[in-house]
Each structure stands twice: as structure tokens, then as C-alpha cells.
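Welcome to a short tour of a protein model.

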Amino acid sequence: MAVLVTGAAGFIGMHVAAALLRRGEAVIGVDNLNPYYSVALKEARLATLTGQPGFAFHRIDLAEREGLIGLLAKHPEIDRVIHLAAQPGVRYSLEHPRDYVAANLIAFLEVLEACRHAKTLKHFVYASSSSVYGGNTKLPFAIEDPVDAPQSLYAATKKADELMAYAYAHLYGIPTTGLRFFTVYGPWGRPDMAPWLFTEAIIGDKPIRLFNHGKMQRDFTYIDDIVAGVIACLDKPPASDMTPPCRLYNIGNNRCEELERFVAVLEHAIGKTATKELAPMQAGDVVATYADITATTRDFGFQPQTTIEEGLSRFVAWYRDYHKV
Ligand SMILES: NC(=O)c1ccc[n+]([C@@H]2O[C@H](COP(=O)([O-])OP(=O)(O)OC[C@H]3O[C@@H](n4cnc5c(N)ncnc54)[C@H](O)[C@@H]3O)[C@@H](O)[C@H]2O)c1
């Protein structure tokens, strides 16, 4: 039996695939290695997986009609799918809205169609995002809170994914779990996110920009905790009598950190003080994110372990090693 991991050259996908391989699973990775950020970084992530026993990779654009259906037909051993491929990023969605429709709507539909036709599928797990909570002011964000006011097209596509997944679970009985991730960081992270951007700037003696004049809070979640949560969910599909067999969970650290404290911890990990530029709120962004993980802990024993002190120091060590700085 095997797990299909989409977005396997991406940040979270690489770590999920690596953890599955470590426990002896066969993993089939898919990615289109698009140039949203450094393709060399995506290739370097893939290189950590390639050659490991049980790993196979296919470069496929999931938005292409029936690309994945063909792959699943060739690999009847795939019995679980973890769909992480997507077009992330809030600011980029203001300038490249069509990329979000292609990756987060069309490709998502193609993945659902492939799951619908896969006779042996036991569980479909996919990534949603804390951004679906939009500008909600009730903290922490709970799954049952209304999520009808997305602040960006990215958030709107993630909410649409949740609705499409629900409809397919209802129509075709696909056992489905959606995971709303909260600001994931760690080694091999994304170059468009704050930990990377700030580390790059501080090491290079450039100013860092703090939006909303630094008055932001984020539930920063370390990659190993995310991976543990994804795999715990994967191992426990919805009960067979659940109608439709479709669930949603938050996966966050359950701590609302002030951006200013996050920067102070990062400065300490790097050993240098940042030059800070205060900037207004960015269009599409939200002031705070904070995950209520009561249900995730109850159903999967999910308990994040990593403080931002530990997590950022591991990220900075990796960043220095990767860039030789
Ligand atoms: N990193 C976070 O903080 C965070 C927070 C919330 C939600 N998420 C979600 O988690 C998932 C993984 O995020 P990530 O941070 O690893 O992002 P990432 O950009 O590093 O990984 C996504 C991967 O998907 C691939 N991809 C995109 N479109 C594709 C397509 N049409 N066909 C095949 N491959 C395609 C990309 O090449 C990339 O390697 C995404 O769904 C993202 O929206 C991430």
C-alpha cells in the first residue's frame, strides 16, 4: 500500500513524505516544480527524498485534466492521498489571481475526480488554511466559527476547497479530512514567509518590514508538529458510519505570539539586532491567527511540542547551513 503526497517538492510536502518514509511507508510524490519561488530549493528538497527506499516521484501539473487519474490507475497500491500542492501566499494573490484558480480550484477538482475513481482509496487528507477565518475577531479560531468573509483570494480558494471536498464526500462517500494549517515554519521553509524573509534581511544587514506597525499576532507552528498532526489524522479516517465522511480540523501551535516577540526570538537565534521598518497593514492580510485545537487533541492526541525559541533556532541553523552564511 502507498501514500500519494502532492506538493512533495514543497515545504510541508517534503517533510510529510520524509516522515512517512521513515516509518516504512511507500510514498509516491507529485509536484509540478513551478517557479513561484526558487525551483532550486524545490529540487534540493526532492533530492533529500530521491533514492530513499519506497519513494517515487512524478512531475505532474495537477491542473491538467486527468493527469492524476492516469497515475492512480497505474498505481493501484495507492490507498491514501495527502493533497498539499497549492498556490500559497496572500500578497501574490493580488497580482496573480489566475494562478490560485488553476492550482487551488482546478487542480483541487482534478484531485477529487481522481479520488472518486480510485477504487482502493481509504482516506483523502488535504490542506486548508487558517486564512479561511478571515478577519474574525473571536480568538482562538474554532472549526465551528463562521468562515464566510475571506480577506484574500487565497483564503477564498481554500474555503472553496473545503466546500468541494464536502460535496465529493457527500456524493461519492470519499473519506475526507481537511486540515487548516496555521503559519508553518522550520527548516526547508518557504522563502516568501516571515521567518525566511526576516532571517535573510537580518543576516544581510537589511531592514525588515513589520506590517500593521508590528501589531500582529500569529500562531506559529513548527513543521515537526504539523507533520505529526497530518500523520495522526491520516491514520484515523472518518468513522464508516459518518455521513458524509468529511471532517475539518485546525492544526496550530495553540499560542498566539506577538510579531514583536517573534522578531526578538529570531534576533537572539541569529545573534544580531534587526533594523525595523514599520509599515501599514497589507491588503488581504489579517491581524491575528490563533488555533483552537481542542478537537484535534481529543480525536488524534495532537499536542504541539515546539516552542518558537527551539523552532527558530533550528530554522536559523538550517538556513545558515543551506546558504553557507
Ligand atoms: N506553510 C504554511 O504556513 C501554510 C499555512 C496554511 C496552509 N498551507 C497549505 O499547506 C499546503 C502546503 O504548503 P507549503 O507551505 O508546503 O507550500 P509550498 O509552496 O512550499 O508547496 C506547494 C507545492 O505544490 C506545488 N504545486 C503547486 N501547484 C501545483 C500543481 N498544479 N500541480 C502540481 N504541483 C503543484 C508547488 O510546486 C510546491 O512545491 C498548501 O496547500 C498551503 O496552502 C500552508
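## Some ground rules

A residue is called buried if 20 or more other C-beta atoms lie within 10 Å of its own, exposed if 12 or fewer do, and partly exposed in between, with the C-beta atoms placed from the backbone. By that rule H213 is exposed, because 12 other C-beta atoms lie within 10 Å.

What you see is a predicted model, in which local features need pLDDT of at least 70 and side-chain atom pairs count only at pLDDT 80 or more, while totals for chains, interfaces and linings use all residues. Residues are numbered from 1 along each chain as its sequence is written. Helices (H or I, at least four residues) and strands (E, at least two) are DSSP runs, numbered from the N terminus.

## The sheet

Let us begin with the strands, where two of them pair if DSSP finds at least two bridges between them. Seven strands form an open sheet in the order β3-β2-β1-β4-β5-β6-β11, and the pairing is parallel. At its edges are β3 (55-59) and β11 (246-251), each of which pairs on one side only. On average, neighbouring strands of this sheet are turned by 20° against each other, direction ignored. Such angles run from 0 to 180 degrees between N-to-C directions, and the axes are lines fitted to C-alpha atoms, for helices over the stretch in contact.

Now zoom in on one pair. Strand β1 (residues 2-6) is joined to β2 in the parallel sense over five bridges. Within this pair, A2 stands opposite A26 in β2, and V5 stands opposite G29. β2 is mostly covered, with five of its six residues buried.

## A covered strand

Which way do the residues of β6 point? In a regular strand the side chains alternate between the two faces of the sheet. In β6, T176, G178 and R180 point one way, T177, L179 and F181 point the other way, and all are buried. So β6 is mostly covered, six of its six residues being buried.

The strand β6 also pairs with β5 in the parallel sense, over six bridges. Here R180 of β6 is the bridge partner of S128.

A residue is near a molecule or strand if its C-beta atom, placed from the backbone, lies within 6 Å of it. There are 28 residues around the ligand, and G7, G10, A85, A86 and A127 come nearest. The elements giving two or more residues to this shell are α1 (11-22), β2 (26-31), α5 (97-117) and β5 (123-129). Which element gives the largest share? That is α1, with three residues.

By type, the shell divides into 16 nonpolar, eight polar and four charged residues. Here Ala, Val, Leu, Ile, Met, Phe, Trp, Tyr, Cys and Pro count as nonpolar, Asp, Glu, Lys and Arg as charged, and the others, Gly among them, as polar.

## Two helices side by side

Next, find helix α3 (residues 67-74) and α5, whose axes come within 8 Å and cross at roughly 30°. That makes α3 roughly parallel to α5, because angles under 35 degrees count as roughly parallel, over 145 as roughly antiparallel, 65 to 115 as roughly perpendicular and the rest as oblique.

The crossing of α3 and α5 is right-handed. A crossing is right-handed if the near helix is turned clockwise from the far one by less than a right angle, and left-handed if anticlockwise.

## Details in the loops

Two residues other than glycine have a backbone detail to look for. T183, in the loop between β6 (176-181) and β7 (184-185), has a positive phi of about 20°. T183 counts as buried because it has 20 C-beta neighbours inside 10 Å. H213, in the loop between β8 (208-210) and β9 (217-218), has a positive phi near 55°.

There are cis peptide bonds to find as well. The bond from L139 to P140 is cis, with omega near -10°, and P140 lies in the loop between β5 and α6 (153-172). The bond from T243 to P244 is also cis, with omega near -15°, and P244 lies in the loop between α8 (223-234) and β11.

Finally, look for D205 in the loop between α7 (194-203) and β8. D205 is exposed, since 9 other C-beta atoms lie within 10 Å. D205 and K272 are 67 residues apart in sequence, and their C-alpha atoms are 9.1 Å apart in space.
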